[in-house]
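Here is a short note for a colleague who is opening this structure for the first time. Please keep the 3D view at hand while reading.

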Amino acid sequence: MPPPGSFPKRLSISNAQSEQLRALVSAVVGPNPFYTKKFERSGTYKIRHLGDLADNVPFTTKTEIVEDQLANPPYGTNLTYPLDRYSRCSQTSGTTGTPLRWLDTPESWDWMLRNWLTIYAAAEVTRSDVIYFPFSFGPFLGFWTAFEAGTRLGALCLPGGGLSSAARLRAILDHNATVLCATPSYAMRLAEVAAEEKIDLTASPVKLIILAGEAGGSVPATRARLEDLWPGARVFDHHGMTEVGPVTFECPAKPGRLHVIETSYIAEIINPNTGVAALPDETGELVLTNLGRIGSPLIRYRTGDLVKSSHEHFCDCGRQDLALDGGIIGRVDDMIVVRGVNIYPTAVEEVVRGIEGVVEYSVNISNESALTEIAVSVEFAAMIDAPEQVRRLETAFERAFSLRVPVIVAEPGSLPRAEAKAKRWIRST
């Protein structure tokens with residue numbers, strides 16, 4: 001049985017979303033050339049409730065935004081206000097195509113910082129914490145919003161741009177940083193460098209690692225490996241996008257589950273092939289409408305992220321925001337089919353991180369023959385029996401996928417390390 005008051009609470013979320021959606025559409029149609037054209041083509045101008053969104057409003061795709069920015073450089077036409085209203089410019093990483101530029105007004109930026117404060121609250125970060133950000137502050141939105149939200153919280157926030165990994169580790173220890181914000185890959189890289197530099201992480205003050213940028217934060221084997229490498233630290237996952245802002249935070253009661261911040265987003269999960277709503281417990285593509293980024297909005301944006309909603313209507317943590325079991329499972333364009341088997345990057349990550357001594361890996365995808373084939377290159381830590389671990393890894397792949405996946409031992413230090421998003425899937429034609 002649901003707890004008392006649950007249905008009114010869920011109805012309250014929907015009513016608030018409907019009200020914000022009506023305000024968004026009213027503000028955008030007319031002043032915003034991009035969405036004015038989209039609504040004109042669909043013939044829909046009035047939004048009364050959430051049902052009107054899926055029934056009458058077309059999807060927005062990344063391809064549309066890219067083409068619009070190429071045709072109307074440098075920022076495209078998805079701008080609701082004159083250019084002098086905007087004070088921030090961000091850019092996507094471009095790891096999956098042409099980078100997108102994104103402008104924000106002070107009001108939109110403030111909305112994103114409030115979302116980050118929601119994430120910090122769920123992670124139990126307080127003003128007494130010291131947060132370390134071990135990355136260079138380029139045009140990627142997530143770095144800036146996380147940092148500025150931390151300062152708004154009142155926590156001591158330390159930037160680590162322009163430093164080596166060893167210097168960043170020393171800074172973490174010197175400043176007694178209690179929170180580390182990083183990608184899963186770079187948190188592992190820091191632990192690798194700590195071993196090389198003879199830095200004992202059992203003495204690390206870090207008690208919380210907030211992960212973003214990669215799907216590994218919700219992969220059980222990756223989480224376990226990170227918590228083993230950083231003794232005493234708890235892993236907390238989160239995800240967002242430059243185009244839409246900070247979207248989810250890890251469920252405090254169920255690690256590996258992400259909650260959508262539904263006070264700020266309308267989330268849909270669709271079948272990526274048909275565009276219709278995915279069935280319960282079916283993996284589908286996440287579609288987002290950001291309700292507070294009026295200056296540069298996205299309405300029914302196909303994120304390309306594959307997710308699966310929880311079958312539970314009421315989460316153990318007491319929240320009723322949409323719950324995504326397994327976090328971000330993968331991306332629509334990353335899944336490959338090998339001899340009839342669907343393989344996602346997160347599934348490979350789970351297998352690899354479950355093998356002791358793996359320092360880094362890459363997945364080599366070949367389409368040279370009529371069939372797609374994959375092989376995995378792996379770097380092992382020193383003092384590891386590589387042949388034995390290769391046999392274990394190949395056996396684990398066979399059990400997971402019912403496929404033979406060749407494992408190649410890479411020379412120490414030969415595979416690339418990433419400060420931000422790692423690019424481990426390498427395609428050859």
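Are Phe 34 and Tyr 35 buried or exposed? Phe 34 is buried, and Tyr 35 is buried too. Note before going further that this is a predicted model.

1. Aromatic pairs. Searching the whole structure turns up 13 aromatic pairs. One of them joins Phe 34 and Tyr 35.

2. Trp 116 is buried, as is Tyr 120.

3. How H5 meets H6. Helix H6 covers residues 141-153 and packs on H5 at an angle of about 70°. The two axes are 8 Å apart. That angle makes H5 roughly perpendicular to H6. Trp 116 and Tyr 120 take part in the contact from the H5 side, and other H5 contributors include Trp 109, Met 112, Leu 113 and Leu 117. From H6 come, among others, Leu 141, Trp 144, Ala 149 and Leu 153.

4. An aromatic cluster. One aromatic cluster is formed by Phe 133, Phe 135, Phe 137, Phe 140, Phe 143, Trp 144 and Phe 147.

5. Arginines over rings. Two places deserve a look. Arg 85 lies over the face of Tyr 81, 4.0 Å from the ring centre. Arg 88 lies over the face of Trp 109, at 4.3 Å from the ring centre. Trp 109 is also one of the H5 residues that touch H6.

6. Helix H7. Why is helix H7 (residues 165-174) described as largely enclosed by the rest of the structure? Seven of its ten residues are buried, and therefore the description holds. The buried residues are Ser 165, Ala 166, Ala 167, Arg 168, Leu 169, Ala 171 and Ile 172. They pack against strand S3 (130-133), strand S5 (179-182) and helix H8 (184-196).

7. The two ends of H7. Ser 164 sits in the loop between strand S4 (156-159) and H7. Its relative accessible area is 42%, so Ser 164 is partly exposed. Ser 164 and Thr 80 are 84 residues apart along the chain, and their C-alpha atoms are separated by 41 Å. Just after H7, Asn 176 has a positive phi of about 55°.

8. Tyr 361. This residue is placed in strand S17, residues 358-366. Its relative accessibility is 3%, so Tyr 361 counts as buried. What joins the side chains of Tyr 361 and Glu 349? A polar contact of 2.5 Å does. Beyond its neighbours within four places in sequence, Tyr 361 is in contact with several residues, including Val 348, Val 352, Arg 353, Val 376, Leu 415 and Arg 424.

9. A distance to check. Tyr 361 and Arg 417 are 56 residues apart in sequence. In space, C-alpha to C-alpha, the two are 9.7 Å apart.

Methods:
Residues are numbered from 1 along each chain as its sequence is written. This is a predicted model: local features need pLDDT of at least 70, side-chain atom pairs count only at pLDDT 80 or more; totals for chains, interfaces and linings use all residues. Side-chain values use heavy atoms; hydrogens and water are left out. Helices (H or I, at least four residues) and strands (E, at least two) are DSSP runs, numbered from the N terminus. Buried means under 20% relative accessible area, exposed over 50%, partly exposed in between (1.4 Å probe, protein chains only). Contact means heavy atoms within 4.5 Å. A polar contact is a pair of N or O atoms within 3.5 Å; within protein, one must be able to donate a hydrogen and the other to accept it, and residues adjacent in sequence count only if both atoms are side-chain atoms. Rings of Phe, Tyr and Trp (its six-membered ring) pair if their centres lie within 6.5 Å; planes under 30 degrees apart count as stacked, over 60 as edge-to-face and the rest as tilted. A charge sits over a ring if NZ of Lys or CZ of Arg is within 6 Å of the ring centre and within 35 degrees of the ring normal. Axes are lines fitted to C-alpha atoms, for helices over the stretch in contact, and angles run from 0 to 180 degrees between N-to-C directions. Angles under 35 degrees count as roughly parallel, over 145 as roughly antiparallel, 65 to 115 as roughly perpendicular and the rest as oblique.
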